[in-house]
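Here are a few friendly notes to read alongside the model. Please keep the structure open as you go through the points.

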Amino acid sequence: MARLWQAPRLLLVILVALMALTYQEKRKTFLSVRKVPASEPYVIATMQYVINDFNKKSNDKYNFRIVRVLKVEQQITDHMEYRVNMEMRRTTCQKLETTNCSFQEGELYKQIECFYSVFVVPWFEKYKILKKNCTDV
C-alpha cells in the first residue's frame with residue numbers, strides 16, 4: 001500500500017526535473033571565453049566585416065584600415081561571439097576606392113581605437129554587430 005503513495009511522488013519528481021531541464025535549455029548557457037589569434041580565418045573574416053561596416057556607416061570622406069589588433073576573444077554560448085579591440089587609421093582612399101590605400105599623414109591623420117562585439121555564424125557568413133565603441137587616440 002505504501003508503494004501506491006510513492007508513485008505520484010515519483011511522477012512529480014520526474015515532472016519537476018523535466019521542467020528544470022527545459023528551463024535550463026532555454027537559458028543562454030555560458031560555455032567559454034578564450035583569447036584567439038588574429039590570424040585565425042574566422043577572426044580575419046569577422047574583422048573584414050567590421051571594417052567594411054565601419055567604412056560604410058562612417059561620415060568620414062576617407063576609408064579607415066586596421067593598424068593593429070590589440071586583443072581578440074572568442075565567446076561561445078548558444079552562438080559564437082568575437083570581441084575585438086583594435087586600432088584603425090584614416091587612409092588616403094576615399095569611399096569608393098579600396099586598393100593601394102596608404103595611411104594619411106599631416107593634418108588629415110586620424111587614429112581611433114575600437115571595441116567590437118560581433119555575433120558570428122562563420123560557416124553561413126552571418127555577422128551582426130552587438131556592441132561598438134570607438135574613440136580617438
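Predicted model: local features only at pLDDT ≥ 70, side-chain atom pairs only at ≥ 80, totals over all residues.

1. Met80 belongs to strand β3, which covers residues 80-94.

2. Is Met80 buried or exposed? Met80 counts as buried because its relative accessible area is 11%, and the cut-off for buried is under 20%.

3. You will find Asp60 in the loop between α2 (41-57) and β2 (62-76). With a relative accessibility of 15%, Asp60 is also under the 20% limit and therefore buried.

4. Which residues does Asp60 contact, once neighbours within four places in sequence are set aside? They are Arg90 and Lys95. With Arg90 there is a polar contact, side chain to side chain, at 2.6 Å.

5. Finally, the largest pocket: its volume is about 320 Å³. There are 16 lining residues, and Gln48, Ile51, Asn52, Asn55 and Phe64 lie nearest the centre.

6. Both α2 and β2 supply at least two residues each to that lining, and α2 gives the most, with seven. Sorted by class, the lining of the largest pocket holds six nonpolar, six polar and four charged residues.

Methods. Residues numbered from 1 in each chain as written. Heavy atoms only, no water. Helix = DSSP H or I, 4+ residues; strand = E, 2+ residues; numbered from the N terminus. Buried < 20%, exposed > 50% of the residue type's maximum accessible area, 1.4 Å probe, protein only. Polar contact = N/O pair within 3.5 Å; in protein donor to acceptor, adjacent residues only side chain to side chain. Contact = heavy atoms within 4.5 Å. 1 Å grid on protein atoms, 1.4 Å probe; cavity = no way out; pocket = protein on both sides within 12 Å on 5 of 7 lines; lining within 4 Å. Points joined across faces, edges and corners; volume = space filled by probe spheres on them. Nonpolar A, V, L, I, M, F, W, Y, C, P; charged D, E, K, R; others polar.
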